[in-house]
Amino acid sequence: MRQLDLDWKVGAVREAAYAALAKVGKEVMHFRPPEEQNDHKVTCGVNVSVLAQVLHQLDAALLAAAVKANVITSGTGDWRFLDIVPIKAGKLEALEYVRRTHGFPISATVACGDSGNDILMLSGRNLAIIVGNAQPDLVKWVEAHEQHD
């Protein structure tokens, strides 16, 4: 079994997203285009007015289906991207894979990010840089997680 498939059921993820869409309506949630979807990613656009409700519903549905996933939000304005990927997928896992494959020490590995979809990667063991034009959701996360020395 491939790492990405551990505790991942794309059918259950899609069902959870469809159920959330049915509850809030297509005026405030939609699936992103087919070329942005795959067997290891379900992606939607969600209006901020219902984002908390959608996230809560998705978390409950994924838990009930025994699916372990990263639910990632990003973007600015009235709409957010919402990506659901396997727990073993994402930018941090990709960074760790490259680091291990090439033998780079953690101290020589840096993650740079500008939006909410970079939070998992930036919270890894590696050094992290938040770029100057970072989106407000990432800045808010950084401020909430600042370590004072």
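L92 counts as buried in this predicted model, at 18% relative accessibility, where buried means under 20% relative accessible area, exposed over 50% and partly exposed in between, with a 1.4 Å probe and protein chains only. L92 sits in helix α3, residues 91-102; helices (H or I, at least four residues) and strands (E, at least two) are DSSP runs, numbered from the N terminus. Setting aside neighbours within four places in sequence, L92 is in contact with L120, M121, G124 and N126, contact being heavy atoms within 4.5 Å.

A word on the ground rules. Residues are numbered from 1 along each chain as its sequence is written, and side-chain values use heavy atoms, with hydrogens and water left out. Since the model is predicted, local features need pLDDT of at least 70 and side-chain atom pairs count only at pLDDT 80 or more, while totals for chains, interfaces and linings use all residues.

Next comes helix α1, residues 10-24. α1 has 15 residues and reaches 21 Å from its first C-alpha to its last, close to the expected 21 Å; the expected span is 1.5 Å times one less than the number of residues. V10, V13, A16, A17, A20, L21 and V24 are its buried residues. Viewed down the axis of α1, these fall within an arc of 135 degrees, so they line one face of the helix; the arc is that of the directions from the helix axis to the C-beta atoms. As background, an α-helix has 3.6 residues a turn, so residues three or four places apart point the same way. The face of α1 turned away from the buried side carries E15, A22 and K23, which are exposed. As for what the buried residues of α1 pack against, the partners are β1 (29-31), β2 (42-47), α2 and β4 (79-86). After α1 comes G25, with a positive phi near 100 degrees.

α2 has 14 residues and reaches 20 Å from first C-alpha to last, close to the 20 Å expected. Here L51, V54, Q57, L58 and L62 are buried, and seen down the axis of α2 they fall within an arc of 130 degrees, so they line one face of the helix. On the other side of α2, the exposed residues are A52, H56, L63 and A64. The cover over the buried residues of α2 includes α1, β1, β2, β3 (69-74) and β4.

The two helices also meet each other. The crossing is right-handed, the term for a near helix turned clockwise from the far one by less than a right angle, with anticlockwise giving left-handed. On the α1 side, V13, A16, A17, A19, A20, K23 and V24 take part, meeting Q53, V54, Q57, L58, A61 and L62 of α2. These contact residues divide into 10 nonpolar, two polar and one charged, where Ala, Val, Leu, Ile, Met, Phe, Trp, Tyr, Cys and Pro count as nonpolar, Asp, Glu, Lys and Arg as charged, and the others, Gly among them, as polar.

D7, in the segment before α1, has a phi near 60 degrees, a positive value in a residue other than glycine, and is partly exposed at 39% relative accessibility. A66, in the loop between α2 and β3, has a positive phi of about 60 degrees although it is not a glycine; A66 is partly exposed at 46%. V48 lies in the loop between β2 and α2 and is partly exposed, with a relative accessible area of 36%. Beyond its neighbours within four places in sequence, V48 is in contact with G77, D78, W79 and R80.

Finally, R125 lies in the loop between α4 (119-122) and β6 (127-130) and counts as exposed at 57% relative accessibility. Not counting residues up to four places away in sequence, R125 touches E96, R99 and I106. R125 and C44 are 81 residues apart in sequence and 29 Å apart in space, C-alpha to C-alpha.

Conventions. Axes fitted to C-alpha atoms, helices over the stretch in contact; angles between N-to-C directions.
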